[in-house]
Amino acid sequence: RVAQARIGQLVLDKWRLERLLGIGAMAAVFEAVHHNGNRVAIKILHPDLAGSDELRERFLAEAYADHRVAHPGVVTVRDEGTTADGAVFLVMDLLRGQTLSQRLEAKQQPFSVREVLEIASQVLDVLVSAHGRGIVHRDIKPENVFLTVDGRVRLLDFGIARIETGGGDLWSLGTSMQLLLSSLPVGELPRSVVAVVDRALAFDREARFPDARSMQLAVRAVLDELSGPES
């Protein structure tokens with residue numbers, strides 16, 4: 001594979017690709033080490049896609065969107081460039097932890113009600129900042145929500161973000177919450193939690209949360225209600 005063959009290569013004459021972290025539809029992500037010992041993640045567009053101006057622009061859009069959002073819950077893009085074989089890449093923060101989808105697939109530690117609400121609140125904090133700058137993520141799903149080892153949420157892949165208005169992100173977050181909560185018996189879910197998810201997923205758009213801040217306030221209100229023993 002092309003991705004595996006990159007192991008050991010130098011990027012920008014200073015970052016050595018050390019380990020393949022994952023491969024997606026558009027890119028491969030590597031852990032890289034600087035000669036001074038610093039570590040980063042480097043995301044490289046697949047070479048067979050490099051000839052498409054549209055895909056290159058979409059790939060680089062992630063870097064520009066991240067900078068515009070300017071929130072600690074977004075992965076920082078430090079640099080960009082092109083490899084010797086013409087593949088565009090981004091140099092990004094290296095995260096320690098796993099995506100929500102990886103945790104779901106592992107089936108080792110189910111999500112508690114409280115944890116789902118905490119994650120949703122952190123995602124919404126990023127969305128409040130993004131929406132305030134006119135940026136809609138458009139791809140909120142468990143694969144794009146990263147939970148670090150210290151419990152912080154980082155929202156991944158702003159590559160298809162758009163400058164627009166609308167509540168598409170909130171509906172997608174509602175579906176993600178529903179998925180995370182699906183392992184728990186419905187009878188064990190507090191009505192207030194079900195109400196938040198139901199409102200996010202309401203068929204009638206007018207019945208949904210009008211914006212990310214209002215949904216975040218509703219989520220935090222439920223968290224306050226559940227304060228005490230772990231739910």
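This report describes the sheets, helices and nonpolar cores of a predicted model.

## Basis of the description

The model is predicted: local features need pLDDT of at least 70, side-chain atom pairs count only at pLDDT 80 or more, and totals for chains, interfaces and linings use all residues. Residues are numbered from 1 along each chain as its sequence is written, and side-chain values use heavy atoms, with hydrogens and water left out.

Six strands form an open sheet in the order 1-2-3-4-6-5, and their pairing is antiparallel. Here helices (H or I, at least four residues) and strands (E, at least two) are DSSP runs numbered from the N terminus, and two strands pair if DSSP finds at least two bridges between them. Strand 1 (10-11) and strand 5 (77-82) are the edge strands, each pairing on one side only.

Within this sheet, strand 2 (residues 15-23) and strand 3 (residues 27-34) run antiparallel and are joined by seven bridges. Trp 15 has His 34 in strand 3 as its bridge partner. Helix 2 (residues 53-69) lies across strand 3, strand 4 (39-45), strand 5 and strand 6 (88-92), and runs at about 25° to strand 6. Contact means heavy atoms within 4.5 Å; axes are lines fitted to C-alpha atoms, for helices over the stretch in contact, and angles run from 0 to 180 degrees between N-to-C directions.

Three bridges pair strand 7 with strand 9 in the antiparallel sense, and Thr 99 has Phe 146 in strand 9 as its bridge partner.

## The nonpolar cores

A nonpolar core is a set of buried Ala, Val, Leu, Ile, Met, Phe, Trp, Tyr and Cys residues joined through side-chain atoms within 4.5 Å; buried means under 20% relative accessible area (1.4 Å probe, protein chains only). The largest core has 38 residues, and those touching the most other members include Leu 117, Leu 173 and Met 215. Elements giving two or more residues to this core include strand 9 (145-148), strand 10 (153-155) and helix 5 (168-181). Helix 4 provides the largest share, 11 residues.

Leu 173 touches Ala 120, Val 123, Leu 124, Ile 140 and Met 215, not counting residues up to four places away in sequence. A second, separate core of 15 residues includes Ala 27, Val 75, Met 92 and Leu 95.

Methods: Buried < 20%, exposed > 50% of the residue type's maximum accessible area, 1.4 Å probe, protein only.
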